[in-house]
Amino acid sequence: MVKKSDYNRPPLAPAPPDARRPAGTEPTASPAPPAPPAPGGHAGADEPREIRLTLPGEAAGLRFDQALARALPEHSRSRLRQWIEAGRVTRDGEAADPTRKVRGGETIVVLPLADPSASTVAAEPIALSIVHEDAALIVIDKPAGLVTHPGSGNWAGTLQNALLHHAPELGAVPRAGIVHRLDKDTSGLLVVARTQQAQTDLVRQLQARSVHREYLALAAGDIARGGTVDAPIGRHPTRRTTMAVVPGGRPARTHYAVVERFGVATLLSCRLETGRTHQIRVHLASLGHPLVGDPAYGRKGPVAFGRQALHAFRLGLVHPLTRAECSWESPLPADFAALLAGLRQGRPAR
């Protein structure tokens, strides 16, 4: 359903002049050193470091998988379960049984598995616009046209290929540290984790809906006021390559506010509370105001654009290491800015 309650948008602010730097220049903090080699092996992205620990006495009575998750909170439960099932976890020298209760004091050895997809994704020297980089994360300003990770029809030339070239140690992190994605023709900010621990923390923040993601979107038609779209999203029942608002879909909520009205189109600020595939595109289309230029959900109209007019301009999160609240902004790319300039002059692009 659509709630017509007002959404109070934080004021737009220009990005600081020093917020961006080209890849290859000095980062704001030293990157994490590569992990030391596992015993008997060689250092490298394909051999993560062995983990040794002793279960504390207060773990007595817990199932092994529960005790392990408490002992290693930096790793997700699903990742730990995968390692147990693969025989990569021992308890006092024997293969660990995830359901067996622990007594406390057991010696645990974990041999983490590297991301199996890393060996199939080649590093490529693709230029990156890096907004921030430190030992835990990298914030990227992705241009329109760059695919986030390899998939059908796009096995090379992606952000993941570029990240593996920029920071080879990301080969040891699932999906090269990518924790959320932007569509190929959506521009703007996304965060990449440099370690598995940071990745787990960021994924948990996304699940808790505490990551602040705000977009600028140009919607077709005139929208008088902001509101909230609270409508489930799932695979389209007949067009299987697209999504739709469907009964039984996954819960999805988008808040939107009017930034500027042009009559034939409206510039909106959209804030995601969830992160479903094509969420903003589907929700605005469900209102009868699809994104200008959207090839999948849009329609021909008085304003033309070569891609969906959507830009992820603001990103906020809690830093995985320092726990400080961080926020970054990205200015509109040139094509989007030119589109708005034409509308302000009464000359919509055609």
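Predicted model: local features only at pLDDT ≥ 70, side-chain atom pairs only at ≥ 80, totals over all residues.

Colleague: Which residues of α4 are buried?

Modeller: The general idea comes first. An α-helix has 3.6 residues a turn, so residues three or four places apart point the same way. In the present case, the buried residues of α4 are Gln196, Ala198, Gln199, Thr200, Asp201, Leu202 and Gln205.

Colleague: What span does helix α4 reach from its first C-alpha to its last?

Modeller: Helix α4 comprises 12 residues, 196–207, and its span is 16 Å, close to the 16 Å expected at 1.5 Å a residue. After α4 comes Arg209, with a positive phi near 60°.

Colleague: How many bridges join strand β10 to β16?

Modeller: Strand β10 (residues 212–220) is joined to β16 by six bridges, and the two run antiparallel. His212 is found opposite Gly316 of β16.

Colleague: What do β16 and β17 form?

Modeller: They form a hairpin, with six residues between the two strands. The pairing of β16 with β17 (residues 325–329) is antiparallel and extends over five bridges; Leu315 stands opposite Trp328 in β17. In the turn, Arg323 has a positive phi of about 65°.

Colleague: In what order do the strands of the open sheet lie?

Modeller: Four strands form that sheet, in the order β3-β6-β4-β5, with antiparallel pairing. Its edge strands are β3 (51–54) and β5, each of which pairs on one side only. Between β4 and β6 there are three bridges, and these strands run antiparallel. Thr90 has Val109 in β6 as its bridge partner.

Colleague: Let us turn to charged side chains. How many salt bridges does the structure hold?

Modeller: Side chains of opposite charge can pair when their charged atoms come close. The structure holds 19 salt bridges. One of them joins the side chains of Arg91 and Glu106, at 2.8 Å from N to O. Arg91 belongs to strand β4 (residues 89–91) and Glu106 to the loop between β5 (94–95) and β6 (107–110), so this pair ties together parts 15 residues apart in sequence.

Colleague: Are Arg91 and Glu106 buried or exposed?

Modeller: The cut-off for a buried residue is a relative accessible area under 20%. Arg91, at 9% relative accessibility, therefore counts as buried, and Glu106, at 0%, counts as buried too.

Colleague: Where in the chain do Arg281 and Asp183 lie?

Modeller: Arg281 lies in helix α5 (residues 279–286) and Asp183 in the loop between α3 (159–166) and β9, so that distant parts of the chain, 98 residues apart, are linked. Their side chains meet in a salt bridge of 3.0 Å, N to O. Both Arg281 and Asp183 are buried.

Colleague: With which residue does Arg307 form a salt bridge?

Modeller: Its partner is Asp335, and the closest N and O atoms are 2.9 Å apart. This pair links the loop between α5 and β16, which holds Arg307, to helix α6 (residues 334–344), which holds Asp335; the two residues are 28 apart. Arg307 is buried, with a relative accessible area of 5%, whereas Asp335 is partly exposed at 33%. Elsewhere, salt bridges that share partners join Arg91, Asp92, Arg103 and Glu106 into one network.

Colleague: How many helices and strands does the chain have?

Modeller: The chain has six helices and 17 strands. Of its 350 residues, 47% count as buried.

Methods
Residues numbered from 1 in each chain as written. Heavy atoms only, no water. Pairing = 2+ DSSP bridges. Expected span 1.5 Å × (residues − 1). Buried < 20%, exposed > 50% of the residue type's maximum accessible area, 1.4 Å probe, protein only. Salt bridge = Lys/Arg side-chain N within 4 Å of Asp/Glu carboxyl O.
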